[in-house]
Amino acid sequence: MAESVNPDSSTSRLRSFGRHMRQHPVRSKKYKWIALSCVGLLLLMVGIAGVSFVRLRTNIQTDTLNLGSAQNANLEDGPLDILVVGSDTRSGSNSNYGDENDAASGARADVIMLVQISQDHQNVSVLSFPRDLIVDIPACKAQDGTEYAEAKDTQINESLSHGGPGCTVATISSITGVNIDHFMLVDFNAVKALSNVIGGVDVCVTQAIDDSYSGLNIPAGNSSVQGEQALAFLRSRHGFGDGSDTSRIAAQQSFLASMFRKVKAEGTLSNPSQLMNIAEAVTQNVTVDQGLTNPATLVDLGTMVSDIDLSQIVFATVPHEPYTYNENKLQISDSAQAIFEKLRQDQSLRVEAEPSTSASPAASASETAQELLLSAPVEVLNGSGSIQQGKHVASLLEQEKFTNVTAQNDTSSYASSAVIYPEGYEQEAKKIADKLGITEARVSTSYAAITVLVGEDFKDGDAVAQKESKIAGEAQGQTADQVKCQQSFQY
């Protein structure tokens with residue numbers, strides 16, 4: 001029999017298991033490979049109401065919340081902050097994803113996402129930290145008494161090897177000034193099981209991907225992935241964008257947004273049987289802090305977010321720039337402080353777009369011609385499902401004085417529109433994107449021409465219907481209601 005929960009007590013109970021809880025840690029079992037923690041985020045979103053609490057509580061492993069010597073107290077009774085962490089250790093049940101050397105290597109925090117649920121339960125912010133960030137890791141003390149000195153100018157994913165996930169918590173808290181209430185680590189096996197439970201997740205890529213590193217093999221356009229292919233989609237670093245970790249993060253955010261849309265659309269949140277299957281898939285492969293082992297707390301999480309609009313769930317990547325001493329690494333940029341301040345003040349990361357004004361007249365045609373290379377090659381690939389839309393879009397660009405425009409119907413369909421351009425054509429691509437109302441414009445070495453992907457969001461009309469909101473600090477990301485097609489990476 002499931003334990004009954006008084007909805008009115010959810011907020012107070014979550015606080016009691018948050019910042020002011022005295023920790024009584026249980027010694028954790030050996031960490032499994034958790035390099036992608038997306039299912040942990042879904043568990044936070046759906047809760048596990050209607051399940052056998054005792055059985056699920058037995059499944060969960062625990063570890064210490066914060067191993068850092070310094071404790072922040074900036075947010076007393078504000079939002080709920082949960083760190084979702086993934087480890088790249090390749091031992092135990094995940095040994096088939098690496099060789100003996102991989103299995104013997106230490107654990108690193110491969111995926112780091114800070115999830116904040118606002119105090120009024122109206123917003124969710126998910127902030128990702130690339131694994132290549134160079135930061136200062138604070139001094140940490142492991143459960144076994146081992147002390148780790150502060151490590152300055154160290155890659156952020158090394159924090160997990162400084163005593164466990166509690167040191168990653170301490171690192172993110174130190175960087176952001178946000179007190180973190182809970183953490184969650186999730187095993188790869190849960191990713192596969194969860195994607196099977198919900199019947200697959202819809203994804204979109206601009207070109208076919210056959211990534212021998214991750215095993216991802218999907219055609220161009222829209223696909224539904226589950227099991228090993230869902231895991232491969234989340235792991236792939238050689239399949240998206242420019243092959244960087246930030247491109248992989250963008251694909252993961254798109255995957256999560258799609259998963260949330262499906263869960264909401266199919267009524268999973270109100271289906272006890274489905275919730276039971278999800279909880280079973282996740283809790284057998286999860287490590288959390290002691291506060292998250294309370295079943296009523298997990299129920300409260302589901303209650304808190306079940307009615308949040310998808311447009312209020314914001315995924316963002318912390319603003320960053322090349323590291324001063326190694327351009328192959330990253331460092332947090334100054335603009336990130338705007339995001340951290342939003343989180344500390346319990347504010348949404350969304351920044352509503354200001355209405356357009358006619359105060360500043362548009363540039364004349366002659367001025368535009370001087371600034372732009374209007375003979376730049378432009379290829380319109382129509383994957384909207386509307387046969388005539390490609391030619392229509394081409395005619396719109398010709399009206400803007402572009403003289404080298406071609407159009408063709410693509411055999412693939414695209415969920416969302418995008419402008420992809422080779423280096424040197426940024427101004428031209430921006431003008432095209434602005435004209436067509438396309439919010440996604442990116443550079444790629446794989447394209448010889450400015451390529452306009454006309455997606456299912458642009459079946460008719462002269463521009464894509466706008467529902468985009470900017471993110472604080474000019475961060476890259478999306479909201480859960482947005483459908484995005486990921487640029488495929490050729491290597």
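Trainee: Hi! What should I know before I start?
Mentor: The model is predicted, so local features need pLDDT of at least 70 and side-chain atom pairs count only at pLDDT 80 or more, while totals for chains, interfaces and linings use all residues. Residues are numbered from 1 along each chain as its sequence is written, and side-chain values use heavy atoms, with hydrogens and water left out.

Trainee: Okay, how many aromatic pairs does the structure hold?
Mentor: Four. Rings of Phe, Tyr and Trp (its six-membered ring) pair if their centres lie within 6.5 Å; planes under 30 degrees apart are stacked, over 60 edge-to-face, and the rest tilted. One of the pairs is Phe233 with Phe240, edge-to-face at 4.9 Å centre to centre and 65° between the planes.

Trainee: Are Phe233 and Phe240 buried or exposed?
Mentor: Both are buried, meaning under 20% relative accessible area; exposed is over 50%, and partly exposed lies in between (1.4 Å probe, protein chains only). Together with Phe255 they form one aromatic cluster.

Trainee: And what about Tyr323 and Tyr325?
Mentor: That pair is edge-to-face too, with 5.6 Å centre to centre and 75° between the planes. Tyr323 counts as buried because its relative accessibility is 15%, whereas Tyr325, at 71%, counts as exposed.

Trainee: New topic: which residues of helix H14 are buried?
Mentor: In H14 (residues 426-436) they are Glu428, Ala429, Ile432, Ala433 and Leu436. They cover an arc of only 130° around the axis, so they sit on the same side of H14. That arc is taken from the directions from the helix axis to the C-beta atoms. Helices (H or I, at least four residues) and strands (E, at least two) are DSSP runs, numbered from the N terminus.

Trainee: What's on the face turned away from that side?
Mentor: The exposed residues Glu426, Lys430 and Asp434.

Trainee: And what do the buried ones pack against?
Mentor: Their partners include helix H13 (389-399) and strand S19 (378-382); contact means heavy atoms within 4.5 Å.

Trainee: How many bridges link S19 and S23?
Mentor: Five, in the parallel sense. Glu379 stands opposite Thr451 in S23.

Terms used
Two strands pair if DSSP finds at least two bridges between them.
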